[in-house]
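Subject: Structure handover

Hello,

Please find the structure below. My notes on it follow.

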Amino acid sequence: MIPKVFREVIDLGDGREISIETGKLAKQAHGSVVVQSGKCMLLCTVVSNYKQSDVDFLPLTVDYREKFAAAGRYPGGFFKREARPSDGEVLTMRLVDRVLRPLFPKDYHAETQVMIQLMSHDENVMPDAMAGLAASAAIQLSDFPFECAISEARVGRIDGEFIINPTRAQLEESDIDMMIGASADSVMMVEGEMDEISEEEMTEAIKFAHEAIKVQCAAQLRLAEAFGKKEVREYDPEREDADLEKKVYDMAYDKVYAIAKAGSAKHERSNSFAEIKEEIKATFSEEELEDFGDLVSKYYRKAEKSAIRDLTLNEGLRLDGRKTDEIRPIWCEVDYLPSTHGSSIFTRGETQALATVTLGTSREANQIDMPSFEGEERFYLHYNFPPFSTGEARPIRGTSRREVGHGNLAQRALKGMVPDDCPYTVRVVSEVLESNGSSSMATVCSGTMALMDAGVQLKKPVSGIAMGLISDGDSGKYAVLSDILGDEDHLGDMDFKVTGTADGITACQMDIKVKGLSYEILVNALQQARDGRLHILSKLTDTIAAPNDNVKAHAPKMITKTIPGDYIGALIGPGGKVIQELQKATGTTIVINEDPVTEEGIVEILGTDQVGIDAVLAKIDSITFKPEKGSIYEVKVVKMLDFGAVVEYTEAPGNEVLLHISELAWERTDNVSDIVKMGDVLDVKYFGTDPKTRKEKVSRKAILPKPEGYVTRPPRDDKRSGGRDNRGRDNRGRDNRKPREDKKEN
């Protein structure tokens, strides 16, 4: 018997719906829902241990996977099994995690898993836009201590009209692709890319998405009420001691405030703060520290955060001595690495990124193979964050989720400025060499310069800046911080990264930690970010004002040529013989793709030597050469035959045709060598395909004057007797032949 199913429906307002149901699947999980739109179905389950973990943070795991069976496809690879998550799946995990994590109590440390999987795919529905809704709905059905329902929605804009959760096809036409995460009361997360929009337009897009999210949050609450809202579980809270907290605060606050106000460098400041902490610990006995030493550390961090925030709000000063809108010193350099196709260094304060650019053919495109999307990227960016960049030594276990997320943000910031007609596949790699605040924005800046150094004709240069916010809800005071430090990232109420050109925003990423942030503060913060972004942009253009006109001498040159589809096979040759020999002889790389619409061949020729590229182009011209009927061409004799000469078009080497002996001269010719010799160059007239021989016909005599008194021979009379035509079908019987003499006996 199928169990009772509880269901809620969300109307998206344009004929589309999202349904949330529970009660049928995964009933042993602490909460489970199926979210469906069209044929797209997501299953989300949540489980949290009842025992607290021995850690001082929430061990939350958000896992999002797309099953290939959902799209009726097989996974790639030998084992035909889904393996490690793709970058696309990792990015969705990050989007959900960033909204959920702040809503658990700070003292809740139980191992918690949120697992979301695509069970059925619909090409007209982008599943990542519903992942946050699924996660929150499942939690609402559990007994987890969780503050409030949230949801996420994608917003696009087509022809000036906003749209919620657009299809992938609609997104191609949209100038905005933003994902917003929010509760009914507050926006909590924003991430996306835009086509140089203004700060006001970005704010309007956030407002539009928030209205849709409010409806989705209400639907979750109705579903939980109908299903039966569970009592929130009890758990062992962290130990608290108000007297100890006040004691530590009194000992630490003024000292921290003084060091913060001194405006020292990162390591000096960190050492000074560590000394204060050790001085405070020294006032307690070993027995006391063993009993409540963890509380001392906790309360010290709290006092340190309070002192630094107060310094900024009261005096407008920051840890390194800057004012709130001041940018750290910047220096830049391009063409630093001699062997790369493009390189640059961007250093801002204690953050440094070294970017490289590599140019290639379509063969080097980044292939994306997910159940929800198949395609390729001709521009992509990889971001590496080694431990030495922060002065640490720790294990390196593959690419982290953070590296995937920051690299994707920088890629989205830059990709819109790479022209559509760029012939190359372009890979940018950012190596973070120092980090103290927003290495992802340093990656955008170094990436811009490296691309211009490589000769990629960017439409406009792009810069990026990381911003922070410190606010006091009671007094209404707030401070927006430009170009935040790593420490300011942790102690602020909002951190957001904005990238753009001089004309508008190209990408953003925001995490808002304070409830009820007003849109007025958000707009002010974005405006201050614009000022900082333009300041940084001026430093980039002072270093390299415009893209180099050409790629570097050692970098590959790319030529793209279109040929008729009928000639693709001739260029490749049997078993690839022609193209392989051509690549070997010219030192080039040749890639041929077929246009799916026109069926033409698109030939990419990549090489460092222009002579080799020119040789390939000449060969292609030769293969695709098609003479025009009635035109005269220069040819060269390449082979002598009894019945004519094989000649080669001089403008298309290798393209040969037979010059028949009868077309050499008006006079009767007995020997070909009487008229032409090997290597002779002469002119011939092209007559197209001879209807009788079905071979191409050229003539030398047609462009020579007729000899005086020349008489054209009359055509042969096919009806004359004695010819082959006298041997009709009726005359081919055995009775028409001469009798055979009897064989002699042996």
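This is a predicted model: local features need pLDDT of at least 70, side-chain atom pairs count only at pLDDT 80 or more; totals for chains, interfaces and linings use all residues.

Residues are numbered from 1 along each chain as its sequence is written, and side-chain values use heavy atoms, with hydrogens and water left out.

Aromatic rings

A pair of aromatic rings is described by the distance of the centres and the angle of the planes. Rings of Phe, Tyr and Trp (its six-membered ring) pair if their centres lie within 6.5 Å; planes under 30 degrees apart are stacked, over 60 edge-to-face, and the rest tilted. There are 13 aromatic pairs in the structure. One of them joins Phe 6 and Phe 227 in an edge-to-face arrangement, 5.5 Å centre to centre with 90° between the planes. This pair links distant parts of the chain: Phe 6 belongs to strand 1 (residues 6-11) and Phe 227 to helix 4 (residues 199-227), 221 residues apart. Helices (H or I, at least four residues) and strands (E, at least two) are DSSP runs, numbered from the N terminus.

For accessibility, buried means under 20% relative accessible area, exposed over 50%, and partly exposed in between (1.4 Å probe, protein chains only). Phe 6 counts as buried because its relative accessibility is 17%. Phe 227, at 31%, is partly exposed. The pair of Tyr 383 and Phe 385 is stacked, because the ring centres are 6.3 Å apart and the planes at 15°. Tyr 383 and Phe 385 are both buried. One aromatic cluster is formed by Phe 104, Tyr 108, Phe 146 and Tyr 235.

Charges over rings

A charge sits over a ring if NZ of Lys or CZ of Arg is within 6 Å of the ring centre and within 35 degrees of the ring normal. The charged end of Lys 207 is placed in this way over the ring of Tyr 519, 5.0 Å from its centre. For Lys 697, the ring is that of Phe 687, with the charged end 5.6 Å from the centre.

Cavities

Grid points are joined across faces, edges and corners, and a volume is the space filled by probe spheres set on the points. The count is three cavities of 30 Å³ or more. The volume of the largest cavity is about 80 Å³. Its lining includes Leu 12, Arg 16, Ser 37, Asn 124, Met 126, Arg 154 and Pro 166. By class, the lining of the largest cavity has seven nonpolar, three polar and two charged residues. Here Ala, Val, Leu, Ile, Met, Phe, Trp, Tyr, Cys and Pro are nonpolar, Asp, Glu, Lys and Arg charged, and the others, Gly among them, polar.

Helix 13

Helix 13 (residues 577-586) has Ile 579, Leu 582 and Thr 586 buried. They lie on the same side of helix 13, because they cover an arc of only 65° around the axis; the arc is that of the directions from the helix axis to the C-beta atoms. An α-helix has 3.6 residues a turn, so residues three or four places apart point the same way. The face turned away from the buried side of helix 13 carries the exposed residues Lys 584 and Ala 585.

Single residues

Asp 159 is not a glycine but has a positive phi of about 55°. It lies in the loop between strand 7 and strand 8 (161-164), and Asp 159 counts as exposed because its relative accessibility is 78%. Ser 438 also has a positive phi, near 55°. Ser 438 is in the loop between strand 17 (425-434) and helix 9 (439-453) and is buried, at 13%.

Gly 156 is in strand 7 (residues 150-158) and is buried, at 0% relative accessibility. Its C-alpha is 7.0 Å from that of Asp 175, 19 residues apart in sequence. Leu 641, in strand 25 (residues 632-641), is partly exposed at 28%. Between the C-alpha atoms of Leu 641 and Asp 621, 20 residues apart along the chain, there are 27 Å.

Regards

Conventions:
On a 1 Å grid over the protein atoms alone, a cavity is a set of points where a 1.4 Å probe fits but cannot get out, and a pocket is an open set with protein on both sides within 12 Å along at least five of seven lines; lining residues have an atom within 4 Å of a point.
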